[in-house]
Amino acid sequence: MCRARASLFAIGLAFALQGCSRVDPPAPDASPSVALPELPAPQASGSSASSEPTPALPAPDPASLPQTHDAPHAEGAAFEARRQALWEAIVNDDPDRAMPFFFPLGAYRQVKDVTDPAADWKHRLVAAYRRDIHALHARLGADAAAAKLLGLEVPEARARWVEPGEEWNKIGYYRVFGTKLRYSTGGEEHAFDVKSLISWRGEWFVVHLSAIG
């Protein structure tokens with residue numbers, strides 16, 4: 001009887017000691033069933049978060065650029081637009097429309113060797129240009145609205161390069177005399193004389209329309 005009790009006591013003690021021993025936790029599953037969220041890729045240093053394109057810078061005014069020795073020609077979209085502007089100014093008696101064909105102020109400042117090029121440009125040359133346009137409109141008379149532009153004939157074979165020091169200029173340009181603005185009215189062809197064209201960066205501009213002074 002005593003031996004049986006001792007055996008039962010020993011077995012119970014063994015189970016008690018086994019229950020008190022440390023058991024390591026199970027290892028985590030190496031392949032979890034839930035994927036981790038993807039993190040955004042880091043941006044490169046100096047890059048902008050905005051996707052909007054950088055706005056283009058405006059083109060510089062050609063009149064502010066240096067003169068070139070490029071020979072001008074009475075052709076191309078730019079020349080035709082200036083010629084049309086002159087004609088519409090004459091037909092409508094509106095000199096402001098013709099200013100795109102007049103030698104630009106920024107270029108004149110670079111060209112002319114006078115005390116105040118801007119004042120000379122405005123009070124002498126532009127003032128004469130405006131008077132000439134009013135006079136040419138008057139020559140069209142009552143048929144001004146019906147007049148049709150036929151063309152602007154520039155005798156480029158007679159054009160020459162004017163060297164610095166001539167005509168009170170600091171830098172050179174091409175100059176041509178004898179241009180004719182041809183038009184028709186009442187079934188007849190007529191022409192206006194354009195006294196002087198000079199060049200800037202390979203383009204013709206009017207500097208004297210009906211008179212030189």
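**Ground rules.** I number residues from 1 along each chain as its sequence is written, and I use heavy atoms for side-chain values, with hydrogens and water left out. Since I'm on a predicted model, local features need pLDDT of at least 70 and side-chain atom pairs count only at pLDDT 80 or more, while totals for chains, interfaces and linings use all residues.

**Confidence.** I checked pLDDT first (the predictor's confidence in each residue, from 0 to 100). The chain mean is 84, and 76% of the residues reach 70 or more.

**Salt bridges.** I get nine in the structure, taking a salt bridge as a side-chain nitrogen of Lys or Arg within 4 Å of a carboxyl oxygen of Asp or Glu.

I looked up Glu203 and Arg82, whose closest N and O atoms are 2.6 Å apart. Glu203 sits in strand 5 (residues 203-208) and Arg82 in helix 2 (residues 77-92), so this pair ties together parts 121 residues apart in sequence. For the record, helices (H or I, at least four residues) and strands (E, at least two) are DSSP runs, numbered from the N terminus. Arg82 is buried at 8% relative accessibility, whereas Glu203 is partly exposed at 27%. My cut-offs: buried is under 20% relative accessible area, exposed over 50%, partly exposed in between (1.4 Å probe, protein chains only).

Next I took Glu153 and Arg182, which meet at 2.9 Å, N to O. This pair links distant parts of the chain, with Glu153 in strand 1 (residues 148-153) and Arg182 in strand 3 (residues 173-185), 29 residues apart. Glu153 is partly exposed at 43%, and Arg182 is partly exposed at 29%.

Glu88 bridges to Arg97 with the closest N and O atoms 4.0 Å apart. I find Glu88, Asp94 and Arg97 linked in a network of salt bridges. Glu88 is partly exposed at 32%, as is Arg97 at 37%.

**Asp120.** I placed Asp120 in helix 4 (residues 117-140). Is Asp120 buried or exposed? Buried, because its relative accessible area is 18%. I see a 2.7 Å polar contact between the side chains of Asp120 and Arg124 (N or O atoms within 3.5 Å; within protein, one must be able to donate a hydrogen and the other to accept it, and residues adjacent in sequence count only if both atoms are side-chain atoms). Leaving out residues up to four places away in sequence, Asp120 touches Tyr108, Val114 and Leu125.

Definitions and conventions:
Contact means heavy atoms within 4.5 Å.
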